[in-house]
Structure formats: structure tokens, C-alpha cells
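Dear colleague,

I am passing on the structure below, together with some notes on its helix packing and its cores. Please read them alongside the coordinates.

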Amino acid sequence: AYSNDEAVAHATRGLAIEQAALDVPLRASLLSSRAEASDRLGDRTQQRSDVETMVELGRSSGDRDVLREGLRRAIDLAHVVTDDALAVRAIEALASEIEPEEGAWRAALLKARAQLAFDRFDYAAALSACAQAAELYRSCGDARGELDTLLIAIDARSRQDRFDDSRGDVERARELTRNMDDPYAAARFVQSTMMEAVAKQDFPAAYASAGELLALSRASGNRLGEARAYERLATAANRMFAIREAIDGYAKALAIYESIGDRHGSRSINNNWGSLDVFFGCVDRGRERLLRLHAAAAADADPHWLYYAESNLGVAAFVDCDFAAAKAYELRALELARRLGSESRAALVLGDLGAAELELGDLDAALANVEEAAAINRRVGQRLALVENLSRLALIHARRGEFERARAFAAELSAEQRARPELFEDPGETLWRTAQALHAVGDREAASDLLERAAESQAARCAALDVAEYRESYAQLRWYRELLRAKSTGEWP
């Protein structure tokens with residue numbers, strides 16, 4: 001079992017001995033141990049202090065091994081705190097201390113360059129360096145170094161939806177993790193591999209993986225891993241309509257992120273919690289969170305979080321019926337998704353962009369964008385988004401006067417909802433949109449049937465909402481008010 005607090009205390013007691021009584025390697029070892037334990041505890045101030053002391057100790061003593069270990073830890077710190085300048089300085093300094101025949105250190109340098117490239121969203125360069133580093137680590141028999149490198153490669157491909165290309169690396173990483181019997185390594189493996197379930201919108205699987213991540217992170221005293229586990233449990237719970245659990249999870253994650261100064265984690269919470277607010281109709285509060293995210297990401301020129309901010313601010317504008325603003329946000333998000341090389345992110349934006357264009361009356365653009373979104377949904381396995389986009393296609397074709405195509409999509413969705421209701425993330429709105437398509441093509445009986453199913457589904461979801469504020473705002477969403485008006489008066493949009 002890990003006790004990082006105890007490790008810090010032991011190292012601190014050792015370092016309190018008069019410096020002259022400690023030889024350089026022993027002092028460096030104590031500093032390294034305390035820096036590692038501080039990393040897991042999220043104490044960045046202590047971690048940075050120990051890393052800087054190690055580097056200075058190595059330089060002043062002329063002990064090359066101490067200097068290189070200090071620089072290696074400086075590179076790891078730079079990644080965690082997203083300090084690009086520190087990473088570059090440490091990598092350049094480390095490169096000058098490595099001889100061509102030192103395979104293990106060459107591997108460490110390549111891994112550092114891979115991580116820096118990943119942090120800069122240069123996934124091709126990251127993967128190239130990872131391939132070279134993993135081979136060197138294997139030849140040196142360094143299992144942990146090889147595992148860390150493989151996980152960078154897996155993360156890089158996950159950002160590009162290239163999950164099949166990672167199968168070999170995933171299996172090798174699984175084998176290495178199993179042989180290590182180390183909960184910290186196992187947590188890192190779960191954290192990387194669970195992203196496929198998230199990307200493919202398999203939220204029950206993501207929830208199970210997040211629970212495993214939480215247990216492993218607690219076992220290894222890894223505060224950052226614990227925060228990420230709470231966040232991913234919350235996101236999966238949110239998408240499975242366990243809203244109180246989602247809010248509690250986001251609050252726990254945010255408390256840890258803020259206590260350890262993890263700005264990426266705090267940005268992620270602003271995105272996810274803001275999106276949840278918007279979805280349930282608390283638009284102003286959700287927009288406020290998303291604008292904070294946008295400002296922070298823009299200040300750092302961070303395209304990853306700018307994408308999410310632009311995309312979800314577009315959703316907020318759509319819910320507020322400002323469709324021109326929604327389109328503008330989604331166009332910027334689409335450009336960012338394509339710059340990041342992510343088809344799955346582009347697909348989510350394309351569907352929302354098409355919805356805004358439909359409301360603005362640009363049916364040709366709406367059709368083109370939603371068709372592209374649905375094609376990507378099928379290709380990368382976004383099952384829930386596909387259902388939503390098929391209902392959009394049904395309504396677009398109905399508005400274009402292409403009645404047979406509208407009927408075909410509507411019939412497919414109606415049958416699918418009865419057979420596989422778990423694929424309908426927002427069944428009330430999806431069925432209502434499909435009902436409008438059938439009403440527009442003159443199939444009034446089928447439209448009325450779907451209207452009744454939509455109303456029944458939404459009433460059940462409102463009743464099941466375990467957060468009173470959201471239950472009230474959810475019932476006031478425009479589409480739900482239109483549904484209830486059609487049901488009570490026969491007046492359809």
C-alpha cells in the first residue's frame with residue numbers, strides 16, 4: 001500500500017540532517033522520493049522546489065546522474081503544470097548530458113519529446129518519438145518506461161479516434177501493467193484505455209472504468225487520478241441521467257483540482273458542468289461557466305478547450321433561440337475540431353451546426369452538415385449522436401419536401417426506440433423531432449403516436465430528475481413547451 005504523506009515525512013526528516021553529513025546521491029534520492037510523493041499528493045509547490053534543488057545539486061556537485069534525474073523530473077513537472085517553456089529548457093539541458101551509447105537516457109529523452117509534442121497537439125511527432133522510445137525501452141528492459149511511452153501513444157491516437165490502430169499497444173501495455181502489480185501504473189492504464197468508451201458514448205462502460213480508476217487512484221494515493229475518476233464518474237452519471245450523482249462528482253473533482261492547482265482539470269469541470277446546466281435549461285449559469293472556460297483557454301491559445309467552449313456556447317445560444325449566434329459558435333468549433341484532427345469532435349459540431357441552419361431556413365446547408373455528421377457517427381461508433389442526427393435528417397427531409405426519405409428515417413427511429421431504448425439519450429426531444437417530420441409529410445396518425453410516446457417519456461424523465469432546480473427549468477425548454485401545446489391544442493410548429 002502507498003502512503004505518500006509518510007513518504008514525504010520520511011524524506012523531510014532525512015533532508016533535515018546537516019547537509020554535510022549527507023552525500024550527494026543520498027540527498028538526491030531523498031529529494032527525488034519527496035518530489036514523487038508530492039506529485040501524487042498534488043503538492044506542486046513542494047514538487048517544484050525539490051526538482052529545482054535536485055537540478056542545482058547536480059550542477060554544483062558535478063554529479064551527472066543527479067543532474068539528469070533532476071531534469072527528468074523537471075520535464076514530468078512541466079507536463080503536469082503545462083509549462084511549455086520549462087519543458088523545452090529541461091529537454092535541451094538533458095539532451096546535452098546524454099551520450100549516443102546511453103540507450104536508457106536516449107529513450108527518456110525521446111519520451112520527453114513525445115510528451116511535449118502531445119501537449120502541443122502535434123500527434124504525428126508524438127507518435128514518431130513514442131515508437132523510437134518504446135523500442136529503446138524494450139531493448140533496455142525498462143518496463144515502466146515502455147509503459148509510459150505506450151500510454152502517450154494510445155492517448156495521441158485516442159485524440160484522433162484511431163482506436164483500432166492502438167490495439168497492439170493496448171495489449172502490450174495491459175501485459176506490462178499486469179506484470180508490474182502496481183496500482184499507480186494500473187490507474188494510468190485504465191485512464192488511457194477508458195477514453196474509447198467515452199468517445200463511442202458507451203457510458204455504462206465508462207462508468208465502470210471510472211469506478212476502477214477511483215479505486216486504483218485511492219490505493220496509490222494519487223490525488224490527480226482520484227479527481228479524474230470523480231469527474232469521469234460524474235460525466236457518465238450525467239449521460240445516464242443520474243444528475244445528483246453527477247453534480248456531487250463534479251464538486252468533488254473540482255475541489256481536488258483547485259487544491260492541487262490543476263488548471264486543465266478545472267477547465268474540464270467548467271465545460272462539463274456548464275454543459276449540464278445548459279442541457280437542463282439553466283442557460284445563464286451554464287453560459288457563465290463556459291465563458292470562464294473560453295477566457296482561460298483563449299489566454300493560453302489552447303485549441304482543445306477552446307473547441308469545447310465554442311461548441312457548448314453554441315448549444316447555449318441554440319437553447320436561447322439565438323440561432324445565428326449558435327451557427328457562428330459552431331463554425332468556429334468546427335474549425336478547431338479539424339485543426340485538432342478529431343473526426344468525432346467534428347461530428348458533434350456538424351450535427352449542432354445543421355440544427356442551427358435548419359432553424360435559420362438554410363435547408364441545403366443543414367442537410368449537408370447533418371449527413372456528414374451521421375456518416376462520421378457510423379464510422380467512429382458514436383451510437384447516441386447517430387440517433388439524434390437521424391431524427392434531424394428526418395425533419396430536414398420533411399421540410400425539403402422529400403417525404404419518402406423523411407418517412408424512412410422516421411420509421412427506422414420509431415422501431416429502434418422500441419427495440420433499443422438505451423440508444424436514445426434524450427428520447428423525448430428525439431421522438432418529438434421525428435413526430436414533427438411525420439406530421440409535416442401528412443402521416444398524422446403515426447405523428448400522434450410518436451407525440452404521445454415523446455410526451456410520456458419526457459414526463460417520466462422530469463419526474464425522475466433528482467435536482468428540483470433542474471426539474472423546473474427542464475420543463476420550460478422551448479421544444480417541450482411546443483410538444484405540450486401540440487398535444488393539448490393540436491397546434492404544431
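The crossing of α4 and α6 is left-handed, meaning that the near helix is turned anticlockwise from the far one by less than a right angle. This is a predicted model, in which local features need pLDDT of at least 70 and side-chain atom pairs count only at pLDDT 80 or more, while totals for chains, interfaces and linings use all residues. Residues are numbered from 1 along each chain as its sequence is written, and side-chain values use heavy atoms, with hydrogens and water left out.

On the α4 side the contact (heavy atoms within 4.5 Å) is made by R68, E69, R72, I75, D76 and H79, and on the α6 side by W105, K111, A112, Q115 and D119. Helix α4 spans residues 64-80 and helix α6 residues 103-119, and the two pack at an angle of about 15° with their axes 10 Å apart. Because angles under 35 degrees count as roughly parallel, α4 is roughly parallel to α6.

Turning to the cores (sets of buried Ala, Val, Leu, Ile, Met, Phe, Trp, Tyr and Cys residues joined through side-chain atoms within 4.5 Å, where buried means under 20% relative accessible area with a 1.4 Å probe and protein chains only), the largest nonpolar core has 77 residues, of which I243, F280, W432, Y470 and L483 touch the most other members. Apart from it lies another core of 26 residues, among them V55, A74, L77 and I98.

Finally, S457 lies in helix α24, residues 444-464, and counts as buried because its relative accessibility is 17%. Leaving aside residues up to four places away in sequence, S457 touches P427 and G428.

With best wishes

Definitions and conventions:
Axes are lines fitted to C-alpha atoms, for helices over the stretch in contact, and angles run from 0 to 180 degrees between N-to-C directions. Helices (H or I, at least four residues) and strands (E, at least two) are DSSP runs, numbered from the N terminus. Angles under 35 degrees count as roughly parallel, over 145 as roughly antiparallel, 65 to 115 as roughly perpendicular and the rest as oblique. Buried means under 20% relative accessible area, exposed over 50%, partly exposed in between (1.4 Å probe, protein chains only).
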